[in-house]
Amino acid sequence: MTTALPDVLPASALDAAEEADVVVIGFGIAGGCAALEAARAGARVVLLEKAATYGGTSAMSGGHFYLGGGTAVQRATGHEDSAEEMYQYLLAVSQDPEPEKIRAFCDDSVEHFDWIEALGFEFERSYFPGKAVIQPNTEGLMFTGNEKVHPYRDQAVPAPRGHKVPVPGDTGGTQMVMDLLAKRAEEAGVEVRYETGATNLVVEEGKVVGVAWKRFTETGVLRAKAVVIAAGGFVMNPDMVAENTPALGSKLFVLGNTYDDGLGLRLGASAGAQLRFMDEPFITAPFYPPSQLVTGIVVNKDGQRFVAEDSYHARTSYYVMHQPEQKAYLIVDSAHIEHPSMPLCPFIDGWESVDEMESALEIPAGALQATLTSYNENAKAKQDPDFHKHPDWIEPQDQGPWGAYDLSLGKALYAGFTLGGMRTSVDGEVEREDGSVIEGLYAAGACAANIAQDGKGYASGTQLAEGSYFGRRAGRHAASRPGN
Ligand SMILES: Cc1cc2nc3c(=O)[nH]c(=O)nc-3n(C[C@H](O)[C@H](O)[C@H](O)COP(=O)(O)OP(=O)(O)OC[C@H]3O[C@@H](n4cnc5c(N)ncnc54)[C@H](O)[C@@H]3O)c2cc1C
């Protein structure tokens with residue numbers, strides 16, 4: 001698949017072109033929110049969608065929105081939170097934090113929660129207390145990040161912020177939100193053109209002034225005072241993945257839709273956009289639930305621990321990717337073992353002694369024994385001086401026999417998507433490497449680099465929340481631009 005940048009078309013391509021105020025590329029959560037807000041601000045909006053229907057990867061997703069600062073669900077379930085604590089947390093987990101964006105995202109989070117509900121549904125006012133990948137039923141809230149994990153729990157007061165749409169299951173829940181978004185967009189007068197893919201940007205003196213499209217064999221060009229690119233990520237483009245984030249190339253399961261082919265990113269780059277975090281994947285193979293597996297220890301091929309096991313699953317996986325040969329094992333004793341509800345990390349075997357386990361896993365003799373002895377000694381006092389696992393999850397693993405699960409890349413069923421995107425301002429304006437704005441060009445969702453920057457700091461729900469929030473901002477700002 002191509003990694004090439006599409007050609008940029010000259011302004012002369014717009015001779016006799018039809019006109020819109022704002023053209024949005026892609027009808028996922030980000031593009032839908034951008035188009036709706038632009039139309040509500042009075043703009044004539046054309047939304048180009050390459051597929052035969054709206055939804056994209058958003059409609060496939062589980063339905064976590066990362067929201068906080070005192071939402072109605074947080075208040076109803078007795079969880080105190082403030083925009084300031086949310087800000088401090090997101091600042092702490094970011095690889096290269098953009099304080100202005102994080103501040104806006106947190107300050108406006110309650111308003112954004114209300115806006116999402118006003119599409120026409122309510123998050124359930126209920127809380128799921130366990131350690132899980134997603135709420136098992138329709139519970140509205142749970143912890144979906146590293147808020148209670150060292151060192152973050154000392155940097156911001158932990159609060160659960162993973163709001164799940166009231167649909168059971170771990171995939172497809174967001175279809176319901178997309179259906180509502182499509183209805184609201186139609187009411188607001190957004191003109192949606194399906195099976196119509198954007199192919200090139202039209203640029204005049206560095207400014208984006210239009211976009212070319214293709215529908216089967218038909219082609220055309222639209223003049224616009226602003227173009228919002230919200231066309232998803234690049235996990236479905238094997239060559240872009242190999243070039244930028246090779247670990248995702250050895251994944252066994254890709255999370256995305258056919259059109260996550262990186263064309264949106266390449267369209268942006270063709271007009272001069274800087275692309276950021278292109279080498280960072282979200283990659284994960286959760287070993288929990290059941291929660292009690294979190295009491296086990298995770299070691300590398302040298303028998304050494306390398307992460308607090310109570311970390312959010314993508315954080316644990318991030319560190320697995322950074323271990324020698326990307327090999328890792330979860331070791332659990334017989335008092336705590338219970339097979340994972342979703343067997344993504346295969347059970348290897350059980351052994352009567354640690355010696356036997358070391359030799360079966362080809363861990364240097366004595367290394368795992370030393371790690372377990374030291375861990376168990378501290379665990380008796382509910383302490384973990386090495387990785388500061390939360391005391392709630394510290395229990396000695398000293399009751400043989402012991403079992404091991406394989407977390408190694410190539411053995412565990414890792415799934416993932418890309419996190420890289422265009423550099424943008426707080427209003428979604430696309431920026432060049434020198435920080436200057438490309439006039440007339442906006443990006444949102446998986447096409448833009450915002451809050452979610454790497455797997456180490458990722459919290460479930462940041463993609464849908466930032467895609468919708470910064471999509472809305474991009475739509476409003478685009479609608480306010482003067483004409484060409
Ligand atoms: C199984 C699964 C579960 C997930 N769960 C969660 C979760 O619970 N919470 C969370 O925050 N994130 C989750 N994610 C990630 C999240 O779904 C995505 O990051 C997010 O939906 C991206 O939204 P988007 O609007 O940027 O892109 P998309 O929703 O993919 O929308 C992009 C649209 O652009 C269209 N398009 C592409 N190219 C063109 C073109 N050239 N011209 C016109 N149209 C084009 C596509 O067809 C698509 O409709 C999950 C992902 C998966 C797959």
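Helices (H or I, at least four residues) and strands (E, at least two) are DSSP runs, numbered from the N terminus. With that in hand, let us visit Thr418, which sits in strand β17 (residues 415–418). The model you are looking at is predicted, so local features need pLDDT of at least 70 and side-chain atom pairs count only at pLDDT 80 or more, while totals for chains, interfaces and linings use all residues. Residues are numbered from 1 along each chain as its sequence is written, and side-chain values use heavy atoms, with hydrogens and water left out.

Is Thr418 buried or exposed? Its relative accessible area is 3%, so Thr418 is buried (buried means under 20% relative accessible area, exposed over 50%, and partly exposed in between, with a 1.4 Å probe and protein chains only). Leaving aside residues up to four places away in sequence, Thr418 touches Gly233, Phe234, Val235, Thr245, Leu248 and Glu280; contact here means heavy atoms within 4.5 Å. With Phe234 there is also a closer look to take: a polar atom of the Thr418 side chain lies 3.2 Å from the backbone nitrogen of Phe234.

Now let us turn to charged side chains. Side chains of opposite charge can pair when their charged atoms come close. A salt bridge is a side-chain nitrogen of Lys or Arg within 4 Å of a carboxyl oxygen of Asp or Glu, and the whole structure holds 27 salt bridges.

One of them joins Arg276 and Asp96, with 2.5 Å between the closest N and O atoms. Arg276 belongs to strand β11 (residues 275–276) and Asp96 to the loop between α4 (83–93) and α5 (99–107), so this pair ties together parts that are 180 residues apart in sequence. Arg276 is buried at 16% relative accessible area, whereas Asp96 is partly exposed at 36%.

Another salt bridge brings together Lys389 and Glu309 (3.7 Å, N to O). Lys389 is in the loop between α12 (367–379) and β16 (402–406), and Glu309 is in the loop between β13 (297–300) and α10 (313–321), 80 residues apart. Lys389 is buried at 2% relative accessibility, and Glu309 is buried at 0%.

What does Glu439 meet in a salt bridge? Its partner is Arg481, at 3.6 Å from N to O. Glu439 lies in strand β20 (residues 437–443) and Arg481 in the segment after α13 (462–479), so the two tie together parts 42 residues apart in sequence. Glu439 is partly exposed at 40%, while Arg481 is buried at 12%. Finally, salt bridges with shared partners join Glu37, Glu111, Arg472 and Arg476 into one network.

Notes:
Polar contact = N/O pair within 3.5 Å; in protein donor to acceptor, adjacent residues only side chain to side chain.
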